[in-house]
Amino acid sequence: MKRNRFVTLFLVCLVGAAFVAAPVRGQSTEEDIQRYRAAAEQGDAEAQNKLGLVYYNGQGVVQSYEEAAKWFRKAAEQGHAIAQGNLGFAYDKGLGVPQSYTEAAKWYRKAAEQGNAIAQNNLGFAYDNGQGVPQSWQVLYLRPGSGAVL
C-alpha cells in the first residue's frame, strides 16, 4: 500500500511538471509572443493559456508567475480545461497567487470534469491528502464490485 502511494506521488510530481510545459519547443520568439498577446487580448482562451505558459516558463519574457496566473485565469474563466488545471497548479503551489488548496481543488475539479486527466490525478491527490477537500480514499480508489473496468 505504501509503495503504491509512493508511486502515485512520484507520478503526480512528474505529471505536474509536464502540466506547465512550454507552448512551443525551445525559446518563444518575439513573433510568437506578439501573436499570443494579440489573440489573448482579443479574448482567445487558447492564446491566453499559451501566453500564461510563456510567462510561467520565462520564454522570451521575464519570468513572472503573477502574469502567468493572470492569463491562466482569463482562459480558465472561459472554460479552457488546460488553463483551469494550470491555475489550479498555481494555487496548489502558491505561484503568482496566494497558496490555497481550496482554490486549487476548485480549479482542478473544473478541469477534471472536462476530462483533463492531469487535473483528475491532481484532484485525486488532493482527496488523498485532504488538501482543499475532505480527505477521502473512497473517491480515489475503485471498490471491488463497483463495475468499473480497468
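**Figure 1. Buried residues of helix α3.** In this predicted model, the buried residues of α3 are Ala 45, Ala 47, Gln 48, Asn 49, Leu 51, Gly 52, Leu 53, Val 54, Tyr 55 and Tyr 56. They account for ten of the helix's 13 residues, so α3 is largely enclosed by the rest of the structure. The packing partners of these buried residues are α2, α4 and α5 (81-93). From first C-alpha to last, α3 reaches 18 Å. That is close to the 18 Å expected for its 13 residues at 1.5 Å a residue.

**Figure 2. Ser 64, in the loop between α3 and α4.** The loop joins α3 (45-57) to α4 (65-76). Ser 64 has a relative accessible area of 15%. Buried means under 20%, so Ser 64 counts as buried. Neighbours within four places in sequence are set aside here. Beyond them, Ser 64 is in contact with Tyr 55 and Tyr 56. Both tyrosines are among the buried residues of α3.

**Figure 3. Ser 28, in the loop between α1 and α2.** This loop runs between α1 (2-19) and α2 (30-41). Ser 28 is buried, and its relative accessible area is 5%. Leaving aside neighbours within four places in sequence, Ser 28 is in contact with Ile 33, Val 54, Gln 59 and Gly 60. Asn 57 lies 29 residues from Ser 28 in sequence. In space, their C-alpha atoms are 9.9 Å apart.

**Figure 4. The crossing of helices α6 and α7.** Two packed helices are described by the angle between their axes and the distance between the axes. The axes of α6 (residues 101-112) and α7 (residues 117-129) come within 8 Å. They cross at roughly 140°. The two helices are therefore oblique to each other. The crossing of α6 past α7 is left-handed.

**Figure 5. Residues at the contact of α6 with α7.** From α6 come Ala 105, Tyr 108, Arg 109, Ala 111 and Ala 112. They meet Ala 119, Gln 120, Asn 122, Leu 123 and Tyr 127 of α7. By class, the contact holds seven nonpolar residues, two polar and one charged.

**Figure 6. Helix α6: burial and span.** Buried residues in α6 are Ala 104, Ala 105, Trp 107, Tyr 108, Ala 111 and Ala 112. An α-helix has 3.6 residues a turn, so residues three or four places apart point the same way. The end C-alpha atoms of α6 are 16 Å apart. This agrees with the 16 Å that its twelve residues should span at 1.5 Å a residue.

Conventions: Residues numbered from 1 in each chain as written. Predicted model: local features only at pLDDT ≥ 70, side-chain atom pairs only at ≥ 80, totals over all residues. Heavy atoms only, no water. Helix = DSSP H or I, 4+ residues; strand = E, 2+ residues; numbered from the N terminus. Buried < 20%, exposed > 50% of the residue type's maximum accessible area, 1.4 Å probe, protein only. Contact = heavy atoms within 4.5 Å. Axes fitted to C-alpha atoms, helices over the stretch in contact; angles between N-to-C directions. Parallel < 35°, antiparallel > 145°, perpendicular 65-115°, else oblique. Left-handed = near helix turned anticlockwise from the far one by under 90°. Nonpolar A, V, L, I, M, F, W, Y, C, P; charged D, E, K, R; others polar. Expected span 1.5 Å × (residues − 1).
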